[in-house]
Amino acid sequence: MPDPSSWLAETATATAAGGHVRTDDGGLSSALASPLAPHCTGLTPEQLLAAAFASCLHHAAVEAAGEITDEAHTVEVTAAAKLGRDDDGRYRADVHAEISSAGLTRDQLADLVAHADRLWPFSSGDNSRHRLTVTPAENGRH
C-alpha cells in the first residue's frame with residue numbers, strides 16, 4: 001500500500017439509491033437502470049463504466065499530451081464497455097478505449113496512448129477481473 005501522503009488530496013463520493021446516482025458535489029446526477037425495475041430507463045452499469053474509463057483515460061492522455069504537443073486540448077477518448085459473467089456468477093468487464101489527438105504523428109500518438117495507459121491503476125497490463133485495451137484511434141477519427 002502506498003504511503004498515505006502519496007494519495008491525491010481529493011476524495012470523490014457518489015451514492016446510488018432509489019434508481020438514481022449522484023456525486024456529493026452534484027456534478028453528476030442521473031437515473032439508473034435497475035434490475036428491480038427493468039422497464040425503467042437510466043444509465044446502465046456498462047454506460048457508467050464506459051464514461052468512467054473515458055474520463056480517467058482522457059485525464060491521463062491530456063496530461064501525457066502536454067509533454068508531446070501544445071495541442072493537448074484536442075485529445076479525445078472513446079471507451080466501450082461490456083460486462084460478462086464468470087462461471088461463479090461474478091461480473092467481468094471488458095473495456096476498449098481509443099485515444100486520438102489532432103496533429104500528432106502515428107508514433108507520437110502511440111507514445112501518448114502508452115503513457116496514458118500506464119498512469120491509472122486499471123491498465124492494459126492488469127490481469128484482474130477486467131480487461132482494458134487502449135489503442136490509438138484509426139486515422140481520420142477525431
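These are my notebook entries on a predicted model of one protein.

**Entry 1: overall layout**

I began with the whole chain. The protein has 142 residues, and 29% of them count as buried. I counted the elements next and found 2 helices and 6 strands. Read from the N terminus, their order is β-β-β-α-β-β-α-β. I then looked up the extent of the fold. Along the principal axes, the C-alpha atoms fill a box of roughly 50 × 35 × 30 Å. Among contacts with a separation of 6 or more, 49% join residues 24 or more positions apart.

**Entry 2: helix α1**

I turned to α1, which covers residues 45–65. How far does α1 reach from its first C-alpha to its last? I found 29 Å for its 21 residues, close to the 30 Å expected at 1.5 Å a residue. I then listed its buried residues. They are Ala 50, Phe 53, Ala 54, Cys 56, Leu 57, Ala 60, Ala 61, Ala 64 and Ala 65. I kept a general point beside that list: an α-helix has 3.6 residues a turn, so residues three or four places apart point the same way. Phe 53, Leu 57, Ala 60 and Ala 64 are among the buried residues of α1.

**Entry 3: the largest pocket**

The largest pocket holds about 540 Å³. Its lining has 16 residues, and those closest to its centre are Ala 12, Thr 13, Ala 14, Thr 23 and Leu 28. Which element gives the most to this lining? It is α1, with 5 residues. Strand β2 (20–23) also supplies at least two residues of the lining, as α1 does.

**Entry 4: Thr 13**

I picked Thr 13 from the residues closest to the pocket centre. Thr 13 sits in the segment before β1 (14–17). Is Thr 13 buried, partly exposed or exposed? Its relative accessibility is 41%, so Thr 13 counts as partly exposed. I set aside neighbours within four places in sequence and looked up its contacts. Thr 13 touches Arg 22, Thr 23 and Asp 24. Val 75 is 62 residues from Thr 13 in sequence, and their C-alpha atoms are 27 Å apart.

**Entry 5: the salt bridges**

How many salt bridges does the structure hold? I found 3. The general idea is simple: side chains of opposite charge can pair when their charged atoms come close. I went through the pairs one by one.

- Asp 86 pairs with Arg 92, with the closest N and O atoms 2.9 Å apart.
- Asp 88 pairs with Arg 90 at 3.0 Å, N to O.
- Asp 86 also pairs with Arg 90, with the closest N and O atoms 3.9 Å apart.

Together, Asp 86, Asp 88, Arg 90 and Arg 92 are linked in a network. I then compared how open its members are. Asp 86 is buried because its relative accessibility is 18%, under the 20% cut-off. Asp 88 has 53%, so Asp 88 counts as exposed. Arg 90 is partly exposed at 39%. Arg 92 is partly exposed too, at 38%.

**Entry 6: Asp 117**

I looked for a charged residue without a partner. Asp 117 lies in helix α2 (residues 106–119). Asp 117 is buried, yet has no salt bridge. What is the nearest side chain of opposite charge? It is Arg 118, 7.3 Å away. Beyond four places in sequence, Asp 117 is in contact with Ser 123, Ser 124, Leu 132 and Val 134.

I followed Ser 123 from that contact list. Ser 123 lies in the loop between α2 and β6 (130–136). At 15% relative accessibility, Ser 123 counts as buried. Val 134 is 11 residues from Ser 123 along the chain, with 8.3 Å between their C-alpha atoms.

**Entry 7: Thr 78**

My last stop was Thr 78, in strand β4 (residues 76–85). Thr 78 has a relative accessible area of 34%, so Thr 78 is partly exposed. Ser 55 is 23 residues away along the chain, and the two C-alpha atoms are separated by 9.2 Å.

Conventions
Residues are numbered from 1 along each chain as its sequence is written. This is a predicted model: local features need pLDDT of at least 70, side-chain atom pairs count only at pLDDT 80 or more; totals for chains, interfaces and linings use all residues. Side-chain values use heavy atoms; hydrogens and water are left out. Helices (H or I, at least four residues) and strands (E, at least two) are DSSP runs, numbered from the N terminus. Buried means under 20% relative accessible area, exposed over 50%, partly exposed in between (1.4 Å probe, protein chains only). Lys and Arg count as positive and Asp and Glu as negative; His and the chain ends are not counted. A salt bridge is a side-chain nitrogen of Lys or Arg within 4 Å of a carboxyl oxygen of Asp or Glu. Contact means heavy atoms within 4.5 Å. The expected span of a helix is 1.5 Å times one less than its number of residues. On a 1 Å grid over the protein atoms alone, a cavity is a set of points where a 1.4 Å probe fits but cannot get out, and a pocket is an open set with protein on both sides within 12 Å along at least five of seven lines; lining residues have an atom within 4 Å of a point. Grid points are joined across faces, edges and corners, and a volume is the space filled by probe spheres set on the points.
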